[in-house]
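Trainee: Could you walk me through this one before I set anything up?
Mentor: Gladly, let us look at it together.
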Amino acid sequence: MYGLNVHKAVFDSSAKVSGPTVHFVDETFDTGKIIAQRCVDISDAASPEEIAGRVLKLEHEILPFVIKKFAEGKVIVVDKRVIVV
C-alpha cells in the first residue's frame with residue numbers, strides 16, 4: 001500500500017497518530033529494519049488528504065536527517081537493532 005491509499009486506510013481506521021518511517025530495504029516490501037520514525041497527531045484530521053499533508057511535512061524533515069546521519073557514519077546496527085547516534 002502506498003500514497004493516498006495509506007492515508008485513507010489510516011483515516012478509515014480512526015487512528016489518532018500517523019507519521020513517516022525510514023527503513024532499510026530488504027526482500028519484502030516495507031519490512032526492513034526501521035532507522036527512524038516520527039509521529040504526528042491526526043485525531044482531528046478531517047480527511048486522508050489532511051493526514052497526507054501532515055505526514056509529508058515530517059517526511060521532509062526525517063529523510064534529510066537520516067541521510068545526514070548516514071553520511072556522518074552515525075547509523076549503526078547492533079545485533080538486530082538500528083541505532084542512530
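Mentor: Start with V85, which sits in the segment after β6 (81–84); strands are DSSP runs of E with at least two residues, and helices are runs of H or I with at least four, both numbered from the N terminus. Residues are numbered from 1 along each chain as its sequence is written. This is a predicted model, in which local features need pLDDT of at least 70, side-chain atom pairs count only at pLDDT 80 or more, and totals for chains, interfaces and linings use all residues, while side-chain values use heavy atoms, with hydrogens and water left out.

Trainee: Is V85 buried or exposed?
Mentor: V85 counts as exposed because its relative accessibility is 52%, given that buried means under 20% relative accessible area, exposed over 50% and partly exposed in between, with a 1.4 Å probe and protein chains only.

Trainee: Switching topic, how many salt bridges are there?
Mentor: The search of the whole structure finds five, where a salt bridge is a side-chain nitrogen of Lys or Arg within 4 Å of a carboxyl oxygen of Asp or Glu. One of them joins R54 to E50, with the closest N and O atoms 2.5 Å apart.

Trainee: And where do R54 and E50 lie?
Mentor: Both are in helix α2, four residues apart, which is about one turn of the helix, and a network of salt bridges links D44 with E50 and R54.

Trainee: Why does R54 count as partly exposed?
Mentor: Because R54 has 21% relative accessibility; E50, at 30%, also counts as partly exposed.

Trainee: What about K8?
Mentor: K8 forms a salt bridge with D12, the closest N and O atoms being 2.7 Å apart, and both lie in helix α1.
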